[in-house]
Amino acid sequence: MTGSRWARLARIAAVAGTALTLVGIGTPALAAPERQVYVAMGDSFSAGSVVLPQSDLLTCARSAINYAGLLAKQIKVDVLRDVTCGAATTNHFVNPQPGIISGTNPPQYDALSADTTLVTVGIGGNDIGLVGLATSCVNLLPVGTSCKATNTAGGVDKYATRIDAFAPTYGTVIAKIRERAPQAKILMVGYPTGIKPGGCWPLVPVLPQDADYIQGNIDRLNARMSEQAARHGATYVDIRIPSIGHDACRPIGVKWIEGLIPSVVNNSFAPLHPNAAGLAAVVPSIRKVL
């Protein structure tokens, strides 16, 4: 066989190999992109309770511009299953949650599936009663009973004890998510800084020592969440540090957390909860760990 005929056959073989690759026979030229399925779980701090516009006002007071909705658009997921719900506890991950006004939110674990690629979880505040603690600390006069003194009477800190006892539940949550969504990246999203050191009575009417006690318990819950995330192979998302300087003591337009009287200007109607800016501010912290 002449050299020219060998060269011609080699060219034909090369073309044929390319064609087989293009039609999927042989080694593929490009892998198909993975379908991105994002499940958002959590309580009112994740749901964006009563921040307008609402995607589910009557059942969960879920905002259409909560951090899950904003993140899903930015990272262009194929599917977002947002089951965050105001007043949720970890019990509502397993069991249905009666609606705030009407309806029922299904168990949040039910949103998970084998094809889930990303899960965010913001939970625990209602389990240990953080909002109830804050409201119990209100003093309309600069004197009065200290909620810190009440809750640490006898040398036992009721809330610290409650938080430490709750901590292993985070590990259980991570394990249950991994059972249903074994391929998912699990992000445990912490709580923001709610009040500055010493507080700001009367703007937020709690005594200075009680302001520090409230924030100390928020910080303690965050620390336990972080520890459990590390122990169980999840990723903790710190919101506390980025939100310093944006607490409820700050002026309108600066604060990310509302006080006892929320500001409609900040697009917030829920006291002691994130406003629209506070929800949006969570997204960069999540994106840093993705």
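Which residues does Asn 105 touch, not counting residues up to four places away in sequence? Select Asn 105 and show its surroundings: Thr 59, Cys 60, Arg 62, Val 83, Cys 85, Pro 96 and Gln 97 are in contact with Asn 105, contact meaning heavy atoms within 4.5 Å.

**Before going on**

This is a predicted model, in which local features need pLDDT of at least 70 and side-chain atom pairs count only at pLDDT 80 or more, while totals for chains, interfaces and linings use all residues. Residues are numbered from 1 along each chain as its sequence is written, and side-chain values use heavy atoms, with hydrogens and water left out.

Colour the chain by pLDDT, the predictor's confidence in each residue, from 0 to 100. The mean for the protein chain is 90, and 89% of its residues reach 70 or more. Now select residues 1-27, where pLDDT stays under 50. For residues 1-27 the model has six contacts beyond four places in sequence.

**Stop 1: Asn 105**

Return to Asn 105, which sits in strand 6 (residues 104-105). Helices (H or I, at least four residues) and strands (E, at least two) are DSSP runs, numbered from the N terminus. Asn 105 has a relative accessible area of 5% and is therefore buried. Buried means under 20% relative accessible area, exposed over 50%, and partly exposed in between (1.4 Å probe, protein chains only). Display the side chain of Asn 105: one of its polar atoms lies 3.2 Å from the backbone oxygen of Val 83.

**Stop 2: Cys 60 and Cys 85**

Two of the residues that Asn 105 touches are Cys 60 and Cys 85. Select this pair next; Cys 60 and Cys 85 form a disulfide, with their sulfur atoms 1.9 Å apart. A disulfide is here a pair of cysteine sulfur atoms within 2.5 Å. The link of Cys 60 and Cys 85 is left-handed, with -85° about the S-S bond. Cys 60 is in the loop between strand 2 (54-56) and strand 3 (62-63), and Cys 85 is in the loop between strand 4 (79-82) and helix 4 (91-94), so the pair ties together parts that are 25 residues apart in sequence. Cys 60 is buried, at 0% relative accessibility, and Cys 85 is buried with a relative accessible area of 0%.

**Stop 3: the other disulfides**

How many disulfides does the structure hold? There are three. Numbering the bonded cysteines of the protein chain in sequence order gives the pairing 1-2, 3-4, 5-6.

Select Cys 137 and Cys 147, which are joined by a disulfide (S to S 1.9 Å). The torsion about their S-S bond is about 90°, so this disulfide is right-handed. Cys 137 is in the loop between helix 6 and helix 7 (147-151), and Cys 147 is in helix 7, ten residues apart. Cys 137 is buried, with a relative accessible area of 1%, and Cys 147 is buried at 4%.

Then select Cys 200 and Cys 249, another disulfide (S to S 2.1 Å). The torsion about the S-S bond of Cys 200 and Cys 249 is about -85°, so the disulfide is left-handed. Cys 200 lies in the loop between strand 8 and helix 10, and Cys 249 in the loop between strand 9 (235-237) and helix 11 (276-280), so the pair ties together parts that are 49 residues apart in sequence. Cys 200 is buried at 13%, and Cys 249 is buried at 12%.

**Stop 4: the largest nonpolar core**

A nonpolar core is a set of buried Ala, Val, Leu, Ile, Met, Phe, Trp, Tyr and Cys residues joined through side-chain atoms within 4.5 Å. The largest one has 49 residues; select those with the most contacts inside it: Met 41, Leu 112, Val 119, Val 121, Ile 177, Met 188 and Leu 221. Among the elements that each supply at least two residues of this core are strand 1 (37-42), strand 7 (118-122) and helix 10 (208-231). The largest share, seven residues, comes from helix 10.

Centre on Met 41. Leaving aside neighbours within four places in sequence, the residues in contact with Met 41 include Val 83, Phe 93, Leu 112, Val 119, Val 121 and Ile 177.

Move to Leu 221 in helix 10. Leu 221 is buried, at 0% relative accessibility. Beyond four places in sequence, Leu 221 touches Gly 124, Gly 125, Ile 128, Leu 130, Ile 163, Phe 166, Tyr 170 and Tyr 191.

Technical notes:
A polar contact is a pair of N or O atoms within 3.5 Å; within protein, one must be able to donate a hydrogen and the other to accept it, and residues adjacent in sequence count only if both atoms are side-chain atoms.
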